[in-house]
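The sequence and structure come first.

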Amino acid sequence: MGSSTSYEFSYLNSMPCNTEVTIQVVTPGQPIRLRTRLIGVDPHRSIIFALGSDNCWQEAKKFLKPGQPIIVRLVNSDEPDANILAFRSSIRKLLTSTEPWLIIDYPKALQKVALRQHSRIAINLEASIQIPPVEDSGDLEQSQPLSSGQLSNISINGGAFVGKILQEINVDTKCLLRVQVLQEAEPMSIPITIKNIQDIDYGKMRGQYGFELSDEKSETETFVQKVILNHLLQQPK
């Protein structure tokens, strides 16, 4: 096991109790997302979470059984970099008689990203950008020219999109970025401002749009978290 990998597992082993946790339960239909908190880590053996009781947990109850695949995300927001850990695992057992605990297998691989780092994270996700609809417009569809392509990198401040060049989009144009993430039924959208445009394939009218995220800080962090998590969980196990 490499030193960087060992550090990531050490980071997991020392994760403080009550750390925020999101569990995605893999089902034959739409995945179910559950929020909970960390009870503790038994290094290299198992991880313990609190069992919830809200409607989402009730909906997931029939899937919560030994062997059920799950995807886990932990966010240590107490740290300056707000590190995200993401991994795949499976349920080992549920305890309900004494303490309402969900026990899962210790992961074999981890993905770790510092959410608030300024450097951009290279990704490759299907995305699109569009001009926001004009208020009081009689034809909203024509007011939203769409460019489909890929989101090529992202950070808490901005990122880059590669797609068809649109005449309606120039530097300082305010747009919407739409990204389809696995755990969401509908594409997620966030307002952006175009900061630069570079031609990368003139014959096919394709270019790279550099942008900054223009939403509230809390909305931006949630959006970037989900995009990064989706990217991480698409990587080979």
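Phe-161 has a relative accessibility of 0% and therefore counts as buried, a term that means under 20% relative accessible area, with exposed over 50% and partly exposed in between (1.4 Å probe, protein chains only). Tyr-209, also at 0%, is buried. The model is predicted: local features need pLDDT of at least 70, side-chain atom pairs count only at pLDDT 80 or more, and totals for chains, interfaces and linings use all residues. Residues are numbered from 1 along each chain as its sequence is written, and side-chain values use heavy atoms, leaving out hydrogens and water.

The structure holds two aromatic pairs. Rings of Phe, Tyr and Trp (its six-membered ring) pair if their centres lie within 6.5 Å; planes under 30 degrees apart count as stacked, over 60 as edge-to-face and the rest as tilted.

| Pair | Centre distance | Plane angle | Class |
|---|---|---|---|
| Phe-9 and Tyr-106 | 5.8 Å | 25° | stacked |
| Phe-161 and Tyr-209 | 6.2 Å | 35° | tilted |

Phe-161 belongs to strand β10 (residues 158–164) and Tyr-209 to strand β13 (residues 206–213), so their pair ties together parts 48 residues apart in sequence. Phe-9 and Tyr-106 are both buried.

The chain has three helices and 13 strands, which are DSSP runs (helices H or I, at least four residues; strands E, at least two) numbered from the N terminus. Of its 237 residues, 46% count as buried.

Cys-17 is exposed because its relative accessibility is 52%, whereas Cys-175, at 2%, is buried.
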